[in-house]
Structures are given as C-alpha cells and as structure tokens.
Amino acid sequence: MSLVSAFQIPYREAREGFWGEQTSTLNWCEEDYNITYYCAEAINTITNLAFIYLGIKGLRDVIKYSLPRVFVVAWLGYIVVGLGSMAFHATLWYSMQLADELPMIYTVCIMCFIAFSFQRPPAVQALVGVGMIATAILITVYYLYDKDPVFHQVAFAALQAATTFRGWYVTEYKLRPLLKKRDPSACDQKMKTTWSLGLAGTVIFVTGFAIWLLDNAFCHHLSVAKNHVLLPWSALLEGHGWWHILTGIGEHPSTTTCSTGAHIGPFRRLGPNLAAQPTALIQNNRRPTQASYRLSPPLPYPSTALVLHNRLDRQQRHIHTSTNTTMSISNEALQKLVREIESQAIAAQQQIGLVRTQFAGKQREMRLAQLTRSEISSLPPDTAVYEGVGKMFVNLSVPTLSDKLTGQMKEMETEIEALGKRLHYLETTAKNSQEHIEKMLKGGGQ
C-alpha cells in the first residue's frame, strides 16, 4: 500500500457554501466548497498568506534599511492584494474579485513609478507619478465598464513587463557605470550578483505564470487527478495556489535582503519587485579596510533636510571606501556624528521658524504703534482719547498716550534687535550643519 493511498481524506459531497451563489466573472480550477462549507476555494485562499507575510517582511525592511517612504505604500499594496485575493477566493463575489484585481493594478503602478522615476529630475518624477495615477484610473474605469477579465490580465501583464524591462535597463546602463566608477575591481562581481538575483526572481515569477496557464488549460484533467489522490495530496495539484506562492516570492526582494549587508543608494530606489527590478544588495565586507556606510535618512524639516536629501540622492546615499583606503572613522561613529549634526540642524530650523514668527509679530506691533502715535500727534492736547484695556476703554490725555506709545516702541526696538541677532545665530548654525554634512559626503567619511 502506497503512502498516498494509506492517507487520504475525501472531499465534501455537498457543494453549497456559506457565501451563497457565485457572482464573480471568474472561477478557478479548484472546486467550490469541496473542503469546507465556509470557504469556496480553500487552497487558493490559504496560499494568499504568502503575500501578507512577505508584505509585512517588506515593511520591516523599509524600517531596517531606511528606504524611501514610497516603499511603505508598495508593501501595503502587497498586503492589500493578499487580503483582497483571500476575500475573493473565499466568497467568489464580484465585489471581492475587484478587491483582488484592482489592487494588483495599483501596486504594479507604484512599482512602475519607482522604476521609471529613478535618477530623474523632480519635474520628471512628478510627471511619471501623474502618468501612473492616470493609468490606474483609466484601467479602473474601463474595467468596471467592460468587466472583461482578459482586459485586466493584459493590462497587468503590460505594466509588469514595462517595469521589468525598465529595471533591467537601469541595472545595466545606470547602475553598472556607477559601480565601475566607485569600485572598478568589484564591479563585475557585484553586477553578477545583481543579475543573478534579478534572473532568479524572473524565473520564479515566470514559472508561477506557466503553472497558472497550465492550470487553466488542463483543469479537467487536473480535477480528475485531484479526485483520485484526494486530500491532502490533491492540494499540490492546485495550480492557482502555486501561482500565488511563486509570484509572491518572485516579486519580493526581502528573500535576499536578510542574507546580505548594506544597500547602496541606486538600489534603494529601484523598487520592491525582485523580478521586475533586480534589487542590488551588496555583500558587506567586515574587514576594517572595506566597509559600507548607511547614513540615517533625512527628516522632513525645511531647507536643510531638502538639501541633504538631494545631496544624498546624488551621492547614492552611501559612501563606500576602496580596499586600499585606511579608514579614519568607524561606521558607527560616522552614523552617530551624522545623526548629531542632523539633530542640530533640525533644532535650528525649528527655532528659526519660531523666531521669524516672533520677529514678524513685533514688527507689526511696531508699525501699529508708530501709526497710532502719528495719528494722535495731529490732535489737540485736550482731545479725549481712549486706550483699550480688556473689554473696557480708559480715558487718557493725548500727551500721556503719546508718551506711553513712545516707551512701548523703544521696548519693541530692543526686542526686535535681540530677535534679529538670534535669527542670525540660528541661520548660521543651520548653514554650518549643512556644510559639515556635505563635507563628510565629499570626503567619504575620512
């Protein structure tokens, strides 16, 4: 007696389910409610946990490697795709089908934006972003009108292919020159590693797609085989479930992130798609003569942060020393120093905003006092004038009010002068912090 025949669990005979009749325009090869009354396609539902797990893993990498914030949206889209697909396969409702298919379009649009906006000017990045948003809206509107799953599949495949080929182009024609200029001796090995990762992801993704096609083409034969071998062995023949698992792995870079060292700048902008955008992860050599520096990400404060952010983009956000260079400062010390300088710049910028507000307020009070004194100076001395005190008005003589305004103006002049000195000091501090960071970037941390 074989192991397969010795351990077999029959399917449910009844095919009615908790979620009622199917309203979706698609129904995959897995038989409906054949395992449980509460889930239409149990295997296809469970395998979507791969997307959720890998999406959470990706969010962790965003925090761990201080990646740009667009990756948060990409990984959240990854998780939403998994949740939407689970809801669709569990219920076979049309509304849940949309919750599965539309997030697929939106997530690949985000990946496409990351790939096509790499090393582009801000204006071009904005244009690419608008184009991706418009593409997502047009696909959504037409799909809601047409309801043809083939249109969705073609649109998704086209966006995926565009992202893939752009990722390959960036890897070869943008990344290779940067690596060759920075570290010629190690360029070929690093590019070999990068292409290996990209091709591995592509092969895994294409394998999942091929299984998806075979599952659709030979569904009848597979159903006969599944009813012969029964559970749990028949679960291995659910091709759509393998599509979930393999495409999830093929598109996810964090499977290689954990086994490698530090990211370098260009790769941190290529996106979360391993198959579409070969993620460059360079092995971190622990010898003291070769190290990789990862600067803490700039924070969203005005002026200095923007300059630093652009500077880090131009410098690929990481400083790498050659194997023949003796380091004069450790990785941890450099990171700590940069964080301290950034903290000083942040504090200075916050204080600059506060002082400028106070400075402008005092100037307005000064102009009001000058205008009031000018107006009352033309009045006869015995004119009845009043000064507001809370909700009351106090009667004062013209000379008394004029003297009082003169005293207030002298006090405000002193305060304005002090605020001007403090503003100059804070602006100098912020400028010096910015210059220190730029010098460290130019000097390679030495």
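Trainee: Which helices each supply at least two residues of the lining of the second largest pocket?

Mentor: Helices here are DSSP runs of H or I, at least four residues long, numbered from the N terminus. Helix 4 (70-91), helix 5 (94-116), helix 7 (149-182), helix 8 (184-217) and helix 10 (239-250) each supply at least two lining residues. Helix 7 gives the most, with 9 residues. This is a predicted model: local features need pLDDT of at least 70, side-chain atom pairs count only at pLDDT 80 or more, and totals for chains, interfaces and linings use all residues. Residues are numbered from 1 along each chain as its sequence is written, and side-chain values use heavy atoms, leaving out hydrogens and water.

Trainee: How is a pocket defined, and which residues lie nearest the centre of this one?

Mentor: Take a 1 Å grid over the protein atoms alone and a 1.4 Å probe; a pocket is an open set of points with protein on both sides within 12 Å along at least five of seven lines. Lining residues have an atom within 4 Å of a point. The second largest pocket has 36 of them, and Met 104, Phe 156, Phe 205, Trp 243 and Thr 247 lie nearest its centre. Its volume, the space filled by probe spheres set on the points, is about 730 Å³. The lining divides into 21 nonpolar, 12 polar and 3 charged residues.

Trainee: How many disulfides does the rule give?

Mentor: A disulfide is a covalent bond between the sulfur atoms of two cysteines. The rule asks for a pair of cysteine sulfur atoms within 2.5 Å. The count is 1. Cys 29 is joined to Cys 219, S to S 2.3 Å. Cys 29 sits in the loop between helix 1 (3-6) and helix 2 (42-46), and Cys 219 in helix 9 (residues 219-229), 190 residues apart. The S-S torsion of Cys 29 and Cys 219 is about 100 degrees, so the disulfide is right-handed.

Trainee: Is Gln 97 buried or exposed?

Mentor: Buried means under 20% relative accessible area, exposed over 50%, partly exposed in between, with a 1.4 Å probe and protein chains only. Gln 97, in helix 5, is at 0% and therefore counts as buried. Its contacts (heavy atoms within 4.5 Å) include Ser 24, Phe 88 and Tyr 143, not counting residues up to four places away in sequence.

Notes:
Nonpolar A, V, L, I, M, F, W, Y, C, P; charged D, E, K, R; others polar.
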